[in-house]
Amino acid sequence: MEDSDRGDDDAWEPPFIQPHRHDINKFGRYASPDQERARIDGHDIEDLAAAYGSPLFVASERRLRENVRRIRQAFENRYEGTVVHGWSYKTNYTSALCSILHQEGSWAEVVSRFEYEKARSLGVPGRRIIFNGPHKPRESLERAIAEEARLHVDHLDELSLIEAIGRDRGECVPVTLRLNFNTGYTDPWTRFGFNLESGQAHEAAARVRRSRHLRLTGLHSHIGTFILEPRAYGEQARLMCRFLAEAEADGHTGIDTLDIGGGFPSMNALQGIYLPPEQAVPEVDDYAAEVCAALKEGLDGRPPPTLILESGRAVVDDAVSLIATVTGTKRLPDGRRAAILDAGINILFTALWYHHPVKLARPKTGEPEETVLYGPLCMNIDVVRQSVRLPPLVVGDRLVINPAGAYNNTQWMQFIEYRPPVILTHRDGGLSVIRDGEGLDDLCRHDHVPPHLAPPLD
Ligand SMILES: Cc1ncc(COP(=O)(O)O)c(C=O)c1O
């Protein structure tokens with residue numbers, strides 16, 4: 001046959017050798033284990049993509065509420081004092097999602113001027129804002145102090161700045177010290193806050209005690225992220241209680257808050273972890289049990305301080321899915337099947353750390369093969385999955401990637417492609433767009449072309 005005789009859609013390709021796999025059914029073709037069409041809160045994926053386009057982020061109000069309730073409840077069931085959840089804005093600051101969590105009673109945990117202003121614009125009062133982060137400009141601190149936000153101090157220069165503002169205002173400003181230390185279970189994050197082992201944290205507490213314009217009202221630490229070992233939190237709570245007792249012995253009498261940060265894992269598949277998330281990720285009750293047992297012992301009969309949790313990814317990750325569409329397929333020279341998707345690391349930044357679970361929107365037959373999923377960028381690093389077993393894909397097939405809710409709608413970048421819309425499936429079955437997809441005007445709004453560079457009109 002002449003090459004020219006082949007139609008455009010001729011499916012011929014050179015033969016390749018595929019190693020035998022014992023897990024493939026020898027007697028029949030592959031049938032997707034999910035015989036149902038994939039749905040999100042009852043909404044058919046194909047219908048959503050047809051109505052709102054692809055790629056598309058879909059957030060579930062129901063799941064988000066369930067997640068935050070489950071986490072708070074696990075601690076409330078075990079702790080005698082008040083438990084507060086501070087929503088970590090940087091994990092996902094889509095306004096509607098923040099508003100759902102604030103409706104659930106979560107405070108805002110912010111780490112920049114922008115996040116602070118965003119929380120205020122969503123109606124969060126200053127006293128329900130936890131202001132973390134290593135860079136808080138003077139104007140932001142002035143506003144936060146005037147609005148009674150909780151300042152979590154990162155370093156001595158910041159402490160001096162807060163003291164100076166307190167002096168100017170003729171006030172004694174309440175501060176929380178961020179501590180860092182080695183629990184023995186994870187790599188310590190030493191770059192934020194004051195180190196315990198080196199004595200820095202005690203020096204900072206002494207510095208607060210000497211000042212007429214500062215008073216210590218809280219202790220905070222965030223030991224890391226995606227921490228699979230609940231005992232790390234038990235040790236964290238023990239170390240914080242010990243520091244609290246020492247601070248009290250040194251004359252600090254007003255510490256009424258302990259904040260243990262975030263870091264609980266979501267049901268995502270972290271790269272480098274062999275077990276699937278269902279086996280690797282402990283229940284939130286396991287974390288709560290460790291923390292609350294250590295607090296009970298460490299507080300040693302003191303009135304229980306307010307316990308703040310700043311869980312981010314465990315709250316939002318599986319509440320958001322990304323729908324993507326296959327736009328092309330190819331066979332790589334090494335024999336592997338590859339598919340090009342309309343969604344890549346530009347909007348799924350976390351593909352760099354996770355083997356994101358990927359499902360087909362509708363069941364397909366055909367033998368599954370190791371498949372590489374590429375994104376749409378003309379960049380070599382744009383890989384959604386290096387290797388996932390999927391039946392043969394064709395143009396137009398839809399995939400659902402979940403969990404996708406943590407750190408993507410904030411760390412996504414406008415690079416090469418427009419960012420897509422985000423929709424919300426309501427508790428009552430409704431749907432709404434909670435963030436528009438971008439267009440050219442959005443991206444060029446901040447550009448200016450000087451007159452001598454203006455394009456010719458004809
Ligand atoms: C201070 C602080 N709190 C909370 C979080 C949320 O962490 P995660 O999403 O791991 O729960 C972070 C994230 O790094 C953080 O830096």
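User: How many helices and strands does the chain have?
Analyst: There are 13 helices and 20 strands. Both are DSSP runs numbered from the N terminus: helices are H or I with at least four residues, strands are E with at least two. The model is predicted: local features need pLDDT of at least 70, side-chain atom pairs count only at pLDDT 80 or more, and totals for chains, interfaces and linings use all residues. Residues are numbered from 1 along each chain as its sequence is written.

User: What share of the residues is buried?
Analyst: Of 458 residues, 42% count as buried. Buried is 20 or more other C-beta atoms within 10 Å of the residue's own, exposed is 12 or fewer, and partly exposed is in between, with C-beta atoms placed from the backbone.

User: Which residues have the most contacts inside the largest nonpolar core?
Analyst: Ile129, Leu177 and Leu341, in a core of 109 residues. Such a core is a set of buried Ala, Val, Leu, Ile, Met, Phe, Trp, Tyr and Cys residues joined through C-beta atoms within 7 Å. Helix 8 (residues 230-249) gives the largest share, eight residues.

User: What is Leu341 in contact with?
Analyst: Leaving aside neighbours within four places in sequence, its contacts include Ala324, Leu373, Val384 and Leu399. Contact means C-beta atoms, placed from the backbone, within 7 Å.

Methods. Two residues are in contact if their C-beta atoms, placed from the backbone, lie within 7 Å.
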